[in-house]
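Open the model in your viewer and keep the selection tool at hand. The stops below say what to select next and what is there.

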Amino acid sequence: MKPDLAWGAECAWPARAAERPLARPWKYLALGLLLVGALQFGQGAWIQAKAWLAQALIAQAWSRSLHGEKEAKPWPWADTWPVARLIAPRLGIERYVLAGANGSAIAFGPGHLSGTPVPGEAGNSVIGGHRDTHLAFLRHVKSGDELLIERADGTRVAYQVRDALVLDKRDVWVAKQEGPRRLTLVTCFPFDALRAGGPQRYVVFAFESRNRGGERGTRG
Amino acid sequence: MELPEFFAAFALSGRQAASAGAWNARMQTQNPGANARLIAFDLIAFVALAAAIALSAAVVLIAVVLLLSGRAEASPPGEENQGTLLLRTTDGKAAASAPLLSTDVSFRVSGMLARARVVQTFHNASADWVEGVYVFPLPENAAVDRLQMRVGERLIESEIRERAAARQVYDQARAGGQRTALMDQERPNIFTTRVANIGPQELVAVELEYQQPLRYDNGRYSLRFPMVVGPRYIPGNLRVSATEQLGWSWNTEQVPDAARITPPVLRPAAGPVNPVSIRVALDAGVPIAQVASPYHRVDIRTVSPSRREIELAAGAVPANKDFELTWAPQGGGAPQLAWFTEHKDGRHYGLLMVLPPAAAPGARLAREVVFVLDTSGSMAGASIRQAKDALELALARLAPGDLFNVIEFNSTAQTLFADAQPVNPRNVRRATDWVQSLHARGGTEMAPALRLALDGSDGSARVRQVVFLTDGAVGNEEALFRLIRERLGDTRLFTVGIGSAPNSHFMSKAAQLGRGTFTYIGRIDEVQAKMGELFAKLESPVLKGLEVHWPQGVTVESWPARVPDLYAGEPVVIAAALDRLEGEVRVSGTRDARPWEARVPLALNGSGVGMGSLWARGKVDALIDSVREGAPEEEIRRQVIALATAHRLVTKYTSFVAVDKTPARPSGAQLKLAAVPTNLPEGWEYDKVFGELPQGATDSRYAMLTGALMLLLALSTLLARRGRRFA
């Protein structure tokens, strides 16, 4: 780590300590920087913490859903609830998909775009999520991978990844409903971009596997 | 960054600062001299601290974050919010087999009535046999009472049938290769025509006629002709259904017929389609002062002082915005009353208009005004500029002593103030700044905004008025009407239709149920005048308790059954069916505790045509309104069908169907189904309406990286200073 090196170098250089100590304004500047830095870091850490902690709470809500509760909210004032569990067996990934692909929902988990069929139903279910939290795993998803959707009734539907494309945010045709039962997973691209808000989207298309035997109870 | 997010981060950094301070103090006491080992210890301690900061960040977050954030997310989100995607099944290009459509409209206006003939020509330019489907608007109060199909020189008259039965006739004729036309009503202002078996390079025209009372308001008559159904926001979850998908939206739980009211929309770059020509033969009955067409350039020919002939200057224009024609009688001498009748099938049908004298300025009542601004994607472009201007004008017009609030909505709704605030320069300033900062994007979830604005309060000391600025581009009107009806209480709702193609059905019905009134702003230079008229209505005393007393011994059925309160500049308009024209009708009401009354001798009538259709249309409206109030729908449906069949009216339950007896399409030839594409309304922005894919990234890494860099920089500066002190 470069800053550490710099620090170390300075400390290993006692001769420089003879120079005039830092003036008071510098101290305040440093303290101010400390504050702003902590604030900034905290904000970033907070987004991540929120994203992952929420999934733990949502897991409990999902188990209530499996026991028949409708729209089981993960916390009492939540305005979203889990609608499905998304499993990528090869990567060992599990995510709880929330109702609504709006900004407030996908802070806590991948969101199901309302207006499209609930994942597991017939048609094209669109799921959106953040490329740096819940859907970060999409970069490792390969054509042919299996994806599983666990529905609120406990049954599972198997999908097979067919394709992944980098598209523009205006390519809303990916939400078209014609065609077989499938999942369309949307996240931002490129994966390593530092800032949010770019125009590109990474879209993974997974179609229902033809072989649907032994869905119930299979786990990757 | 959302506010709670900010506080959480702030609390966290405070804690970090404290721990850093404690660390400093500790370091000072443990600082005997410049010892290399101690410096090494410093280094380790620093790294540990850096880790501790990160850790404490996580720990504090674990405790606070979810709690705070959860509440935050329940309230309208800020920057995390993104445009809501409208599910679109078309890609903004026309289907190859879609027939070309052109429309010719001619109006005959006499006095307070207009009769329109709308000719829609379907031109099949392809080499296939085609079935074309065209979704188009008409005025929300149009009584469509005739439809003919023209094939070459032949005109084929249509029949009025119950909707499903008409469809059956149409399907049968289509399968048999006969040319056939069907007209359904989807909303009071949205209709569909279907024409089947149009041969290659062939023309088939649908010619429909309707009757409409003119709007009279503030001394001017106006005739409005909508040309395009603007893309509507369709709320709700998808419902797997429809056998054929012609609209850009799939049906949803909240809008089960979404596919039928969302004709494919061309990207503006694909060029304008659907040319419309308009001719108006205007006979005002009294000398005309001035005729104006605010949205289209027209040629006006003066035939006589009371008659004009008007034509579009361009000949034909693309169907992409409402046409409006307004005129004022000379010298402001509007007739104080008018009474036209038609004798048909042994009954007299009449239309009565009474204009109360202008209101004297009454005592000012304390008001609470709530402004609701639609900031959805369909408002992007010219509409939001008009709406913001109108709203700013309204804010400036507020009087001290009044209370006010502002609500904006798109995918979610939010209020400026938690509660209505007193009008003072600071609050008005704040509201103006806030309104200026709003952007139009996202969906049109109107219900939450209406819930915020209509609190159902009753018996408040203030006059509570809601001014609702929107284009009404939604598909779930009925649910919203029910909401308004349930929660209105003492409040009055005034709709302001914004933009080039507002949803007139929403504007007028919401105002009717909200016991207010509606106005339209279609251009930025209309804002001043139109809002001025609206303010006059909001501020002047209302003519209340209106009653119509028909002479004894005359059997009368009249609509509306309960005459609504009248605002400044509005007339009483009543459609009636009578068995005899004897005696006089008396209209009475009170304004500002002063009684008002007008008498009209029934025998003193002008004769006209189409009054029967208007009366029946008024009754159909009243019947359908009664379903909202709890009447059994099946019973109402039967009544509407009987009434509409007798008067040959298109309603939501009855349709016109025309069949050419001679089969045209050879049995071997295939029939291709295609929807006629429509233009995007003028001034709208395609990408804002049809949305974008959800955004899928956070700034967390950026924030953590820059934050960590800043922390390290700060700490190294501080430690370097300390290091020097060791020496």
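This is a predicted model: local features need pLDDT of at least 70, side-chain atom pairs count only at pLDDT 80 or more; totals for chains, interfaces and linings use all residues.

Start by selecting Arg594(B), which sits in strand β31 (residues 594-601) of chain B. Helices (H or I, at least four residues) and strands (E, at least two) are DSSP runs, numbered from the N terminus. Arg594(B) counts as exposed because it has 12 C-beta neighbours inside 10 Å. The cut-offs are these: a residue is buried if 20 or more other C-beta atoms lie within 10 Å of its own, exposed if 12 or fewer, and partly exposed in between, with C-beta atoms placed from the backbone.

Residues are numbered from 1 along each chain as its sequence is written, and chains are lettered from A and ligands numbered from 1 in the order in which they are written.

**Chain B: core**

Next, select Val372(B) and Leu469(B). In the largest nonpolar core, of 163 residues, these two touch the most other members. Such a core is a set of buried Ala, Val, Leu, Ile, Met, Phe, Trp, Tyr and Cys residues joined through C-beta atoms within 7 Å. Strand β29 (residues 572-578) of chain B gives the most to this core, contributing 7 residues. Leaving aside residues up to four places away in sequence, Leu469(B) touches Val372(B), Leu373(B), Asp374(B), Ala387(B), Ala390(B), Leu391(B), Val496(B) and Ile498(B). Two residues are in contact if their C-beta atoms, placed from the backbone, lie within 7 Å.

**Chain B: helices**

Select helix α4 (residues 382-397) and helix α9 (residues 527-539) of chain B, whose axes come within 10 Å and cross at roughly 45 degrees. Axes are lines fitted to C-alpha atoms, for helices over the stretch in contact, and angles run from 0 to 180 degrees between N-to-C directions. On α4(B), the contact involves Gln386(B), Asp389(B), Ala390(B), Leu393(B), Ala394(B) and Arg397(B). Their counterparts on α9(B) are Val527(B), Gln528(B), Met531(B) and Phe535(B).

Move to helix α8 (residues 504-513) of chain B: 8 of its 10 residues are buried, so the helix is largely enclosed by the rest of the structure. What do the buried residues of α8(B) pack against? They pack against β7 (178-187), α7 (477-487), β25 (492-498) and β26 (518-521) of chain B. After α8(B) comes Arg515(B), with a positive phi near 55 degrees.

**Chain A: barrel**

Switch to chain A, which has 3 helices and 8 strands. Here 8 strands close into a barrel in the order β1-β2-β3-β4-β7-β8-β6-β5, with mixed pairing. Two strands pair if DSSP finds at least two bridges between them. Select β6 (residues 156-168) and β8 (residues 200-208) of chain A: they run antiparallel and are joined by 9 bridges. Within this stop, Tyr159(A) stands opposite Glu208(A) in β8(A).
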